[in-house]
Amino acid sequence: MKYAVGIDIGGTNTRVALINESYEIIERIQFLTDVDDPDVGVGMSCPGPLDLIKGKILTTPNLHGKWHDCEISKKLEEKIHIPVYLENDANLAALAESVIGEGKAYDYVQYLTVSTGLGAGLVINKKIFIGAHGFANEVANCCMKHEGPSHGMIYPGGIEAISSGTGIIEQAKKRGLKVEHAGQVNDLAKEGNKVAKEIMQDAKIYLANFIANIQAYTDPEIIILGGSVALKIEGFVEEIEAMVKERVYDVVKPYVKVRKSTLNEDSGLLGAACLVFQSVSH
């Protein structure tokens, strides 16, 4: 039996798991991420932008200080003396979904996480598509709304600022709502709060517009949504699918398939294991 170590570096927590080649998690640990210092201490999942060619973290919005421009793969390899494979967290979630999750029956799998941030990954024939420079599917900054909201490093009107959990919360707070997570904004919207309804309507409309654009560009067989916003807000994924179908050609409608992630928070860890097993088999 072969084993892989998966590391999922998040803006809040870092999780490490030992995973066998049947994709069973044998053991796991979790600890708070030091958002200013990357010293740790073997697929590694990390939010982007990343330099996937050099195994380097660039300007990841949720991590700060010494994390930026950190050659994390080299740093960890020097400590543990075995190969380390760095990959974008959404890319790894997409890989996991395509190999063992909701997309395992398909060759063209598009994944989006709608959570703290908004990330994406495209897997073709069980391989992550990274583009010419490793930046494919770094979608958070894609501008969808002229003079739209912003947060952190995100360009005003970027899809992450409109439709992510963080974007929804920040808009709500700026407009006077006392909320702590996107689900509360959604609850207020259902209760008839005008501001909350506008924020949630924008989040869904622009996400549906964005997904319809992806459908037009890459023609995936399935689009899988993960992350807390997509999974915890009742009916969210189903509503987005219906809205996407309204925005594509009639001949394309039968091929629009938007589904929930079946791997939830383990997708990054399992994707890291998938990456390791793929890499060592070549």
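**Exercise 1. Find the hairpin made by β2 and β3, and say how many residues sit between the strands and which turn residue has a positive phi.**

Solution. Start with the labels: helices (H or I, at least four residues) and strands (E, at least two) are DSSP runs, numbered from the N terminus. Now go to the turn: β2 and β3 form a hairpin with four residues between them, and Y23 in that turn has a positive phi of about 60 degrees. Next, the pairing, where two strands count as paired if DSSP finds at least two bridges between them. Strand β2 (residues 13-20) and strand β3 (residues 25-32) are antiparallel, with seven bridges. To get your bearings, look for T14, which stands opposite F31 in β3.

Before going on, a word on the model: it is predicted, so local features need pLDDT of at least 70 and side-chain atom pairs count only at pLDDT 80 or more, while totals for chains, interfaces and linings use all residues. Residues are numbered from 1 along each chain as its sequence is written, and side-chain values use heavy atoms, with hydrogens and water left out.

**Exercise 2. Follow strand β9 and work out which strands pair with it and how many of its residues are buried.**

Solution. Take β8 to begin with. Strand β8 (residues 108-114) runs antiparallel to β9, joined by seven bridges. V109 has V123 in β9 as its bridge partner, and three residues lie between the two strands of this hairpin.

Then move on to strand β10 (residues 127-128), which pairs with β9 in the antiparallel sense over two bridges. Here I124 stands opposite K127. Two residues lie between the strands of this hairpin, and N125 takes a positive phi near 50 degrees.

Last, check burial, where buried means under 20% relative accessible area, exposed over 50% and partly exposed in between (1.4 Å probe, protein chains only). For β9 (residues 118-124), six of the seven residues are buried, so to speak mostly covered.

**Exercise 3. Work out which residues of α5 are buried and what covers them.**

Solution. Pick out A182, G183, V185, N186 and A189: these are buried in α5. Viewed down the axis of α5, the buried residues fall within an arc of 160 degrees (taken from the directions from the helix axis to the C-beta atoms), so they line one face. The cover includes α4 (165-174), α6 and α7 (228-232).

Key. Contact = heavy atoms within 4.5 Å.
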